Amino acid sequence: NQDFITLLNPSTTGAPVQVTAVFTDIAGHALGTSASVSVGPGTRQTIIANNFLGTATVAAFSAVLTASGPIEAESAQYFGGSPNIGKHAGVDFPGQPAAATDLFFSDLSTTLADNGTATDRFVYLYNPGSASTQVAATYFGGNGATATATYTVPAGGILPVDAVEATQSTIPPGALGAEFRSATPGGSFVAFALGRTSDNTSATEDSGPPAD
């Protein structure tokens with residue numbers, strides 16, 4: 001798989017913005033080496049994450065960006081190879097400025113809308129804190145049925161949550177939404193959702209906006 005972190009300096013004047021990316025694995029341990037780039041005014045730079053993660057297979061990882069000024073950032077991931085060589089399904093996640101305590105997901109659909117193909121749906125919960133935190137989830141099916149679950153996310157770590165497994169006993173395949181809320185006082189988290197068909201020809205993503 002290929003992961004590209006793209007950075008934009010939205011200012012057209014002033015000094016370049018210095019950006020450093022630090023990577024951690026699913027357990028919150030330091031991973032590979034950090035990456036640093038200089039992003040000039042009105043320009044963009046790309047960090048190829050694979051070049052900094054090391055040679056071992058990485059199941060899931062987080063990237064924390066520290067910048068000397070305002071930036072916009074996204075992570076584009078492609079499965080099975082580079083998008084420059086052949087056709088490979090991909091997803092795109094916007095960088096989040098901070099963790100939250102209550103997030104909504106509008107599209108965790110467990111089948112593709114156009115042809116009903118089954119899709120594996122995982123929500124990745126990232127805990128940037130120094131202590132483990134609990135996250136309570138409520139899933140909402142298109143037929144009005146609901147399902148609930150509570151997850152414990154390790155300090156600095158990532159917990160992949162299988163949305164299909166969590167809902168299959170009460171919610172039929174198809175449209176699915178969810179709310180994830182912190183169940184630990186003072187706890188917060190970041191969450192993204194990823195879906196892939198078994199043949200890797202289609203991939204979907206969903207970002208959880210904070211509940212206001």
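A: In this predicted model, the largest nonpolar core has 21 residues, and those touching the most other members are Phe 105, Leu 108, Val 123, Leu 125, Tyr 139 and Phe 180. Two or more residues each come from E8, strand E9 (120-126), E10, E11, strand E13 (176-182) and strand E14 (190-196). Apart from this core lies another one, of 13 residues, including Leu 7, Phe 23, Ala 49 and Leu 53. Nonpolar side chains tend to be buried together in soluble globular proteins.

Let's zoom in on Leu 108. Leaving aside residues up to four places away in sequence, Leu 108 touches Arg 121, Val 123, Tyr 139, Leu 176, Ala 178, Ala 193 and Asp 206.

Now for the strands. Four of them form an open sheet in the order E8-E13-E10-E11, with antiparallel pairing. Strand E8 (102-105) and strand E11 (146-153) are its edges, each pairing on one side only. On average, neighbouring strands of this sheet are turned by 15° against each other, direction ignored. Strand E10 (residues 133-141) runs antiparallel to E11, and eight bridges join the two. Along this pair, Gln 134 stands opposite Thr 152 in E11.

One more stop is Ser 62, in strand E5 (residues 61-67). Ser 62 counts as buried because its relative accessibility is 6%, under the 20% cut-off. The side chains of Ser 62 and Thr 24 are joined by a polar contact of 2.4 Å. Not counting residues up to four places away in sequence, Ser 62 touches Val 22, Phe 23, Thr 24, Tyr 126 and Ile 158.

Note on methods
Residues are numbered from 1 along each chain as its sequence is written. This is a predicted model: local features need pLDDT of at least 70, side-chain atom pairs count only at pLDDT 80 or more; totals for chains, interfaces and linings use all residues. Side-chain values use heavy atoms; hydrogens and water are left out. Helices (H or I, at least four residues) and strands (E, at least two) are DSSP runs, numbered from the N terminus. Buried means under 20% relative accessible area, exposed over 50%, partly exposed in between (1.4 Å probe, protein chains only). A polar contact is a pair of N or O atoms within 3.5 Å; within protein, one must be able to donate a hydrogen and the other to accept it, and residues adjacent in sequence count only if both atoms are side-chain atoms. Contact means heavy atoms within 4.5 Å. Two strands pair if DSSP finds at least two bridges between them. Axes are lines fitted to C-alpha atoms, for helices over the stretch in contact, and angles run from 0 to 180 degrees between N-to-C directions. A nonpolar core is a set of buried Ala, Val, Leu, Ile, Met, Phe, Trp, Tyr and Cys residues joined through side-chain atoms within 4.5 Å.
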